[in-house]
Amino acid sequence: MENKRRSFIKKTTMGASAVTIGGVLPGFSAQSYGNILGANERLNVASMGVNSRGKAVGSNFAKQPNCEVLYSCDVDTRASERYIDAIGKIQNKKPKHATDFRKALDDKDVDILIVAAPDHWHAPAAIMACKAGKHVYLEKPASHNPREGELAVAAAQKYDRVVQMGNQRRSWPNVIAAIGELKNGIIGRPYFAKTWYANNRPSIGIGKLAEVPSWLNYDLWQGPAPREAFRDNIVHYNWHWFWNWGTGEALNNGTHFVDLARWGLGVDYPVKVSSNGGRYRYKDDWETPDTQIINMEFSNDTLMTWEGRSCNGRTVEGGAVGVMFYGENGSLEIEGGNSYKVYDLNNKLIKEVTGSRKIGSGNLSDPSQDLDVLHIQNFFDAIRKGTALNSDIVGGHQSTLLVQLGNIALRSGSTLNIDPNNGRIKDNSEAMKYWSRDYEPGWEKVLY
């Protein structure tokens, strides 16, 4: 009976689409009919953080025929207004505004929370959503610090919720194929993975104390983080470079490619992590490194490195981002897009695979929109059918932890010895000061 019902919905939706194309009922799109007729199949979404990247991710969800965005949750009323207008044009129905995302969590009609707020909100929001019975699409990184990552994993398991991290390359066809090639021995045993990111970010200057803008709920923006006075160079993007809210370039961009390296090498937790770097390019308020090297060693005799350069965009292997695997019989490079190359030990290119779906839509916050649909639909299938996630919260935490350990090694000035069974730092009280964080009084309770 269920198969017959699905078949009926599919056929009826196709018929409705044809009517729309014929112009009989102007103002309704094929998606509108799909939403009406497929209401029992639909997943309802609330978006937390709808500026820039959040707007791009939420728009991609709204474009799915089996999804409707019900809420725009943002502390910036301007961003929310833009998002509501954009989503309304996509799905022919405007979402509601909620400054505080907890209002959306109270709505029984909401199935999913998209978390695209600043890093210090990622794990707390995901945990609160799981407690409220919602599934979570969590943009990377999985957490601000390792302890929060552990708690997010525990919450997903305790409340039996589907939590997918937004390292979307896990769902890109040619990236999956490249990892498959590695597993099948195309370069022999891979034993070293080099990852990198390069950009030309400008100085953020010296911030001045300023009055909080009327459009911003700065107290809620800070949320669980200890309070700092508002300055004019924090919101919206530069928070990435302050330890109180952000996690630096290592987690901002390193997470994506370190995740691929971990996948390709077939490793979970390291045995040793070291890091060097600092803020070298400008003298300003930027706290996290603009130049950093992280080295991660694993018990299966493999090594991984990440090189981050925020303020010098000179490419590596011809690309601003990527991962190169080195093996017994050659090398395999996964570039920034949906493509890969294989070289023999004499540096001869022996195979090149490129994708028909192109990267570079002109939208810098969502350059791979078509490919990322695959990640979203995998998330939907996990909710509806129990399909395995391409990037569940356990794996998301493990990849996030690798670069978090790099930051901890840098900040503590020490090489970290790690328990390969759980990723925990061994016998280093100074480093363990960075394992968790202090919270604004009253906020720590949301994590437990």
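V273 stands opposite L416 in strand β15. This contact point belongs to the pairing of β8 with β15 (residues 416-417), which is antiparallel and rests on two bridges; two strands count as paired if DSSP finds at least two bridges between them. Helices (H or I, at least four residues) and strands (E, at least two) are DSSP runs, numbered from the N terminus. The model is predicted, so that local features need pLDDT of at least 70 and side-chain atom pairs count only at pLDDT 80 or more, while totals for chains, interfaces and linings use all residues. Residues are numbered from 1 along each chain as its sequence is written, and side-chain values use heavy atoms, with hydrogens and water left out.

Strand β8 (residues 272-278) has another partner, β9 (residues 291-298), to which seven bridges join it in the antiparallel sense. Within this pairing, S274 stands opposite N295 of β9.

Attention may now turn to helix α7. This helix covers residues 146-158, 13 residues in number, and spans 18 Å from its first C-alpha to its last, close to the 18 Å expected at 1.5 Å a residue; the expected span is 1.5 Å times one less than the number of residues. Its buried residues include P146, E148, L151 and V153, where buried means under 20% relative accessible area, exposed over 50%, and partly exposed in between (1.4 Å probe, protein chains only). The buried residues of α7 pack against α6 (119-131), β6 (163-165) and α13 (393-412), contact being defined as heavy atoms within 4.5 Å. Just after the helix, D160 takes a positive phi of about 55°.

The aromatic side chains come next. A pair of aromatic rings is described by the distance of the centres and the angle of the planes. Rings of Phe, Tyr and Trp (its six-membered ring) pair if their centres lie within 6.5 Å; planes under 30 degrees apart count as stacked, over 60 as edge-to-face and the rest as tilted. The structure holds 14 such aromatic pairs. Y218 is buried, with a relative accessible area of 7%, and F230 is buried at 11%. Ring pairs also link Y218, W221, F230, F242 and W245 into a cluster.

Charged side chains also meet rings. A charge sits over a ring if NZ of Lys or CZ of Arg is within 6 Å of the ring centre and within 35 degrees of the ring normal. R78 lies over the face of W215, 3.4 Å from the ring centre, and the charged end of R411 sits over the ring of W243, at 4.0 Å from its centre.

Finally, the structure holds 23 salt bridges, each a side-chain nitrogen of Lys or Arg within 4 Å of a carboxyl oxygen of Asp or Glu. One joins E317 to K194 (3.9 Å, N to O). That pair links distant parts of the chain, 123 residues apart, with E317 in the loop between β10 (302-309) and β11 (321-327) and K194 in strand β7 (residues 190-198). E317 is partly exposed, at 42% relative accessibility. Another bridge joins E335 and K341 (3.4 Å, N to O), and K341 is buried, with a relative accessible area of 19%.
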